[in-house]
Amino acid sequence: LFRSDQTMAQLQAQKAFTMEILRHKDVMDQLVASADEIMSSCTEEEKHSIKDKLGSLVTRYDTVCHLNAERSLQLERAQSLVSQFWETYEELCPWLTDTEHVIAQLPPPALEYETLKEQQEEIRQLRELIAEHKPHIDKMNKTGPQLLELSPREGFSIQEKYVAADALFSQIKEDVKKL
């Protein structure tokens, strides 16, 4: 469910199912419309039986329509969330990894004034980058739990990703604060 292509395929299959359900709507409407005419030539016992069966059929059809509509909405929501999550994740992860390496390779504070000024400028730029990437973390932390809620079984791998990204982002923030 939580790859964009899989979700899109499920959504397309659901749309085909919806079309199939709608094709049967005309048959249902004709059946309901002709029920009185059919029952006019029936005994009371047959009328009762037909009414019961027709009522049951209409109820089942309505239930199928309702379940289909719920599933379609769920898939459309999942498709939107999946797209947002992966777009954000794929943009954020390389930055997190690169920034982690940059911080690990920073030299200790220089004693020479110009070098120290350059180091302070690097730290200021890191802080700006952290602020620029905060909305991406927030977006992942918003969409990830929603995906987990939609499908706890399949959302677990998503949860691992957004929790790990959030932890790394927090670590980067702490490391830069200490510089």
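**Close-up views of a predicted model**

**View 1. Helix 1 and helix 2 run roughly antiparallel to each other.** The model shown here is predicted. Helix 1 covers residues 4-39, and helix 2 covers residues 44-104. Their axes cross at roughly 160 degrees. The crossing of helix 1 past helix 2 is left-handed. Sorted by class, the residues in this contact are 21 nonpolar, 10 polar and 5 charged.

**View 2. T18 sits in helix 1.** Which residues does T18 touch, leaving out those up to four places away in sequence? They are N68 and S72.

**View 3. H133 is a buried residue of helix 3.** Helix 3 spans residues 113-150. Is H133 buried or exposed? Its relative accessibility is 12%. Buried means under 20%, so H133 counts as buried.

**View 4. The side chain of H133 has a backbone oxygen beside a polar atom, at 2.8 Å.** That oxygen belongs to L129. Setting aside residues up to four places away in sequence, H133 touches L92, W95 and F169.

Note on methods:
Residues are numbered from 1 along each chain as its sequence is written. This is a predicted model: local features need pLDDT of at least 70, side-chain atom pairs count only at pLDDT 80 or more; totals for chains, interfaces and linings use all residues. Side-chain values use heavy atoms; hydrogens and water are left out. Helices (H or I, at least four residues) and strands (E, at least two) are DSSP runs, numbered from the N terminus. Buried means under 20% relative accessible area, exposed over 50%, partly exposed in between (1.4 Å probe, protein chains only). A polar contact is a pair of N or O atoms within 3.5 Å; within protein, one must be able to donate a hydrogen and the other to accept it, and residues adjacent in sequence count only if both atoms are side-chain atoms. Contact means heavy atoms within 4.5 Å. Axes are lines fitted to C-alpha atoms, for helices over the stretch in contact, and angles run from 0 to 180 degrees between N-to-C directions. Angles under 35 degrees count as roughly parallel, over 145 as roughly antiparallel, 65 to 115 as roughly perpendicular and the rest as oblique. A crossing is left-handed if the near helix is turned anticlockwise from the far one by less than a right angle, and right-handed if clockwise. Ala, Val, Leu, Ile, Met, Phe, Trp, Tyr, Cys and Pro count as nonpolar, Asp, Glu, Lys and Arg as charged, and the others, Gly among them, as polar.
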